[in-house]
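Hi there,

Here is the structure I promised to pass on. Have a look, and my notes on it follow below.

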Amino acid sequence: MLVYLEDCGIDNMVRHVTILFCPVTAKLETEVTGSNKGIGLQIVKGLCQRFKGDVYLTARNEDLGHAAVHSLKAEGLNPKFHQLDITDIVSINSLRDHLQEQYGGLDVLVNNAGIAFKENTDTPFPEQARMTSGVNFFSQVDVCDALFPLLRPHARVVNMSSTVSQWSISKCNSDIQVRFTDAAITLPQLKALVQEFIDAAQTNEHVKQGWPDMAYGVSKIGMTVLTFIQHRELSQDRRSDIVINSCCPGYVQTDMTSNQGPKTPEQGADTPLFLALLPPTTTTPNGEFVSDRKIQKWG
């Protein structure tokens, strides 16, 4: 398992995690990306306690990554570390090659990396739209493209989304809603839709063109719909029992929420952990949007 830890380095923006778990022939292996604190750290902690295999904590910033590993080792846990920047294809491929060489496959992947700009940010909306969808959606697609070929039979994939995606799609015009919720939507079509939002935002025409005025929400629509597409494709895969879901951890006390949420990070990690550790031959939830361990109607 790998955990991705990252310092955001951008004022008024918070970056959080992507989580990936992976076992191999000789041993199990899990990966979580972006988890030096908050929900991500708690997911790593829970997986170290409950996952029977190696758990990798990954970070763009190696110092932060090693510090997080050290803090968990001080609690008697034993995560491993690998550098990862999900916005860098070379970095993603380096991780892929490491997992292939060391383990021969991947058993759990939790995509939780993401950014959100604070309400009081000085960053212009065109830049917010480009950066947020770039990290929260397009970079996640890159991670999946690289790591899905490593998924072994019975693998579990969790895409971290948000109930904000449900609110955001309700604010889209009817044409955009129909395109996002089309049961036959393809990945190229989804990418094109998210890119349409980014393009419209560059001239601040996005609201006129039927989009919500929330970059984070649109990026999470992308992650939720991506999950539905991936579920459809994995259902036809010859590898058996690969289960994928998206989820909302809830309104959690983290940097991203300015510590305003009613849930603790430990409580926020509960649903992602539940989905990452679903037992073999699970039939439900599968291909769903989940919150508080319950399947939610979406779209």
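Let me start with Lys263, which is buried (under 20% relative accessible area, with exposed over 50%, partly exposed in between, 1.4 Å probe, protein chains only), at a relative accessible area of 18%. Its side chain meets that of Asp292 in a salt bridge, 2.6 Å from N to O; the term stands for a side-chain nitrogen of Lys or Arg within 4 Å of a carboxyl oxygen of Asp or Glu. Lys263 sits in the loop between β8 and α9 (265–268) and Asp292 in the loop between β9 (289–291) and β10 (294–296), so the pair links distant parts of the chain, 29 residues apart. Helices (H or I, at least four residues) and strands (E, at least two) are DSSP runs, numbered from the N terminus. Asp292 is partly exposed, at 45%.

A word on provenance: this is a predicted model, where local features need pLDDT of at least 70 and side-chain atom pairs count only at pLDDT 80 or more, while totals for chains, interfaces and linings use all residues. Residues are numbered from 1 along each chain as its sequence is written, and side-chain values use heavy atoms, leaving out hydrogens and water.

The salt bridge count comes to ten. Another of them joins Arg156 and Asp241 (3.2 Å, N to O), and both residues are buried. Arg156 lies in strand β7 (residues 151–160) and Asp241 in the loop between α8 (215–234) and β8 (243–248), so this pair ties together parts that are 85 residues apart in sequence.

Finally, Asp175, Arg179 and Glu196 are linked in a network of salt bridges.

Best wishes
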